[in-house]
Every structure is written in structure tokens, then in C-alpha cells.
Amino acid sequence: MKKISILGATGSIGRNTLDLISRDRDHFKVVGLTGANNIELLAESAIKFNADVVATANDSKFHDLKQMLSGYQIEVCAGINGILEVASQKVDWVMSSIVGSAGLLPGLKALEAGANLALANKESMVAAGPIMKRASEEMGVKLIPVDSEHSAISQVLRGEEKNTLSKIIITASGGAFRNLTAAELIDVTPEQASKHPNWNMGQRITIDSASLFNKALEVIEAKEFFGLESSKIEVLIHPQSLVHAIGCFFDGGMKAHIGPPDMRHAIAYALYEEKRLNLPLEEVDLSKVGTLDFEKPDYLKYPALKLGFDVLEHGGLAGAAFNAAKEEALDNFLDHKLSFLGMADVVSATMDELASKNQLSPELELDAVLEIDSHARSVAKMFVDKF
Ligand code: NAD
Ligand code: MG
């Protein structure tokens, strides 16, 4: 039996992971589960999957969670230390699916405890990719991409020699507003931005998909996972969300990964160590789809994407600062204190400010990553009032 834990078990990726486990109970032992505010679902999942230990990130929910699990042999913890306690359990495989930079330390802890880490939490790769990779190498464990584009890249590159690759294309659906012009984006609301045309995901990544901040993070994630420089990464808008990545090779050949917009495909590929299982997913019927469209993104409409490529070029602490500024800007957009396009303005101003003060060191140490994360948030907060 493979021992597993899920960090962020109550979210969209966490629930999809548990859905796969529920179809194959004999092969998995669920050790730890974590959540934050939805302790009802956390408790329900812990009981259903007979977990050993659970943690809520929210200290004030500890007693209620404990109450819900009284009578069960399940250890209950809370707060960041509780999450780290779950992450440090001895298991074979951990799903890192906490949203935001809050996923960094737990994911790192899981690697240090010797687990193979399936990484949905792209923010930890963006903020601290080299640190994550070093930890996996030192422990001799795998760091496995779960983001659909990065899972697709790993599938496309399988069996290929890396020095024959001329370019990787990753696709973006264009999100909720793909049919609007830049001018029409001025008045859009968080509620409108939270409706994704193709994917069913958590609210934050759904809004990041509409602004293409998500794709900006993914461009950096692609560099960190596959060692690609910016000239070798291209983003194309592909409204059907069926082609996730394309590898372009020197001999003119291109290999595209096509799959349904269902994260269980990429999660299962990571869970079953690159084996292809018979999954309950809808087969894409290309004759019904008819056309696959691709177009270059317009940086006027999607300024966040341009910022992502700048960060990729910069390296060092720029990724951590960029992600933190983006998280702060998104919080303010959700609170109706910042406009949709204002998010990119705030992030851009924050990055300029930090760069002008030489605060984006090329050296990447964990303490510096955590420090710039909190500093970038306060700088971004200051700029929110100006846009
Ligand atoms: P979600 O909002 O649905 O779930 C987030 C999970 O994180 C929940 O379990 C929540 O309880 C937990 N959480 C929230 N704040 C926390 C904190 N401060 N400390 C500890 N736990 C906390 O998000 P999601 O859509 O499942 O996305 C999770 C991660 O996977 C993100 O990094 C996202 O970018 C990435 N991802 C998601 C998808 C998708 O289809 N949903 C696809 C690719 C990548
Ligand atoms: Mg993705």
C-alpha cells in the first residue's frame, strides 16, 4: 500500500485527488490531510479515508475539528505547526495543493521528510524552485509536476533528448474574459472573473486565469521544472483548453499533449508514477470539437504575462516577490479595492520599486524568500491606493 498525504485536501485539487483514491482504496493508505476553514469537509474526508492525522490551518477551528473527530483514532492539529506536522509524516507520496505561498514550507517539509512530492502548488516553484529542487535531489525523491501544462510537458518530453528541443508552447484558455477587449476589462468584477469557461478550479486560480497571472506563474514554473530559458517558452491562447503543451523539436516535428480539461488526468499521472490508468474521464471527441484555435496573447490585454517573462529573465528573488505582490493585489481585487487591470499595475510598480532598491538579489536562500514575500506584500499594499 502506498502511504500518502494531501496538503490542501479540501480544495479543488485535493478533492480530485481523493476522488481518484476512493476508486482504488486497496492500493493507498491515507496518512495525513490538511485544510483551512472547511473543517466539515476535512473531518468528513478524514473519517471516510481513515486518516491518521489532520490539521486545519486556522487555529480558531481546532476545538470544533477535534469535537467532530472525537471518538475516532485521528490526531488533530492546527495552525502552521499543525500543517507542518502533517507534512513531516513518513509517507511515500504527498500532494502539495495548498493555494498560494502558504504551500511553500509544507511542501518543502514533505520533501525533507523523504516523500515524493506531487506539486500542484505552483507558487512554491515560482518563489523557490531551486530550493525545492535541491531538497528533492538531496533526499533522492521526486518532484512531480501536477499543473496540467507541466504534466503535459513532462509527457511530451518523455523519450526525447532534451538538446533536440527548440521550444515549448504552453496554452492558456484566456479565462473568463477572453472575448473582451482591454477597454472592456476596466469595469469587470471579481464575481465575473470567477467564472472559468472550461476548468472547474478554486476561485483564486480562476481569477488568475482570467488575468493570465496564472500563465505568468506557469512560465516561471516551466523554467524551474524543465530548465527552459525564456526564449524557449511560448504562450498561445487556445480557447478550447484541450491542447495543454506542445514540444517543438529541431527536426521540425511537434508533439502536442491533448487531454480533457479535467485535473484528474494530471493528478493520476503523478499518483501512479507515469503509468496510464483507465480513468473515468470523458474522452475528447475531436470530430465534435472540429477546430483547435491558437493565437498570440495581446500584452495590452494581458500585461501580467509580460511581467512573468520579465521575472523569469531576472531570476533570484524576483519570483517570490512577484507571487507575493500578485497575491496581495488579488486580495484587494476580491475586496473591490482594486480594479482587474489594476492588479498588474500594482505588481509592476512593486517589482520596479524592489528592483530599484536592489532588493531582488540573485541569491536564493529560504530566509530571504520569506522576507521578500512579506516585504513585497507591504510594498504592493502601498501601491493599491494609487491605482
Ligand atoms: P482551492 O482554493 O480550491 O483549495 C486550496 C486548499 O488550500 C484548500 O484545501 C484550503 O483549505 C487550503 N488553504 C488555503 N489557505 C491555506 C493556508 N493559509 N494554509 C494552509 N492551507 C490553506 O485551490 P485549488 O484550485 O485546489 O488550487 C490549489 C493549488 O493547485 C494552487 O496552487 C493552484 O494554483 C494549483 N492548481 C490548481 C488547479 C486546479 O484545477 N484547481 C490546476 C493547476 C494548479
Ligand atoms: Mg495550469
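Helix α6 (122-139) passes α10 in a left-handed crossing, the term used if the near helix is turned anticlockwise from the far one by less than a right angle, with right-handed used if clockwise. In this predicted model, the axes of α6 and α10 (residues 213-226) come within 8 Å and cross at roughly 15 degrees. That angle makes α6 roughly parallel to α10; angles under 35 degrees are roughly parallel, over 145 roughly antiparallel, 65 to 115 roughly perpendicular, and the rest oblique. Axes are lines fitted to C-alpha atoms, for helices over the stretch in contact, with angles running from 0 to 180 degrees between N-to-C directions. Helices (H or I, at least four residues) are DSSP runs, numbered from the N terminus.

The residues around ligand 1 number 22, and T10, S12, I13, E123 and G202 come nearest (a residue is near if one of its heavy atoms lies within 4 Å). By class, the shell divides into eleven nonpolar, eight polar and three charged residues; Ala, Val, Leu, Ile, Met, Phe, Trp, Tyr, Cys and Pro count as nonpolar, Asp, Glu, Lys and Arg as charged, and the others, Gly among them, as polar.

A backbone N or O atom of I13 lies 2.9 Å from an oxygen atom of ligand 1. For A36, a backbone N or O atom is likewise placed 2.9 Å from a ligand 1 oxygen atom, and a polar backbone atom of G202 is 2.9 Å from an oxygen atom of ligand 1. On its own, ligand 1 has 830 Å² of accessible area, of which the protein covers 84% (Shrake-Rupley method, 1.4 Å probe).

Residues are numbered from 1 along each chain as its sequence is written, and chains are lettered from A and ligands numbered from 1 in the order in which they are written. Local features need pLDDT of at least 70 and side-chain atom pairs count only at pLDDT 80 or more, whereas totals for chains, interfaces and linings use all residues; side-chain values use heavy atoms, with hydrogens and water left out.

Terms used: Polar contact = N/O pair within 3.5 Å; in protein donor to acceptor, adjacent residues only side chain to side chain. Helix = DSSP H or I, 4+ residues; strand = E, 2+ residues; numbered from the N terminus.
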